[in-house]
Amino acid sequence: MLFKFKSKATSDLIMLEADARRLLQIMLGDDAAKGIVQFNDLPRAIAAMELAVAQDEADRKQRAEQVAPLVTGEDGKPVVLNGVRLSQRAAPMLKMLKRSLAEEADVVWGV
């Protein structure tokens, strides 16, 4: 299933369900299939998303430091374990939220 986020301030943002639900959980505390983030609530949603991204980066750095000595490549150097970061998943949503805030527009999905 796909989620389509809409705002009068931006083009539509389409995300896979799992990614959209994760971001909605961060922003709103739930992951409703339909909803709205009103203009007045955008600063709180943006702050929650930025806090979660910062926490994810800190957690990744800590895990990398713990695992790095254990995982080495053929050349003997530590291997950096990469995955898709929350910051990468959240970037388009953050851009939409910030643009919507600047233009005083709501963000809706599932309608």
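Predicted model: local features only at pLDDT ≥ 70, side-chain atom pairs only at ≥ 80, totals over all residues.
1. Between β3 and β4 the antiparallel pairing runs over three bridges, and G35 has W109 in β4 as its bridge partner.

2. Two aromatic pairs are counted, taking rings of Phe, Tyr and Trp (its six-membered ring) whose centres lie within 6.5 Å, with planes under 30 degrees apart called stacked, over 60 edge-to-face and the rest tilted. F5 and W109 form a tilted pair, at 5.6 Å centre to centre and 50 degrees between the planes. This pair links distant parts of the chain, since F5 lies in strand β1 (residues 2-7) and W109 in strand β4 (residues 107-109), 104 residues apart. F3, F5 and W109 form one aromatic cluster, and both F5 and W109 are buried (under 20% relative accessible area, with exposed meaning over 50% and partly exposed in between; 1.4 Å probe, protein chains only).

3. L16, in strand β2 (residues 10-16), is exposed, with a relative accessible area of 54%.

4. For reading these points, residues are numbered from 1 along each chain as its sequence is written. Local features need pLDDT of at least 70 and side-chain atom pairs count only at pLDDT 80 or more, while totals for chains, interfaces and linings use all residues, and side-chain values use heavy atoms, leaving out hydrogens and water.

How values were computed
Helix = DSSP H or I, 4+ residues; strand = E, 2+ residues; numbered from the N terminus. Pairing = 2+ DSSP bridges.
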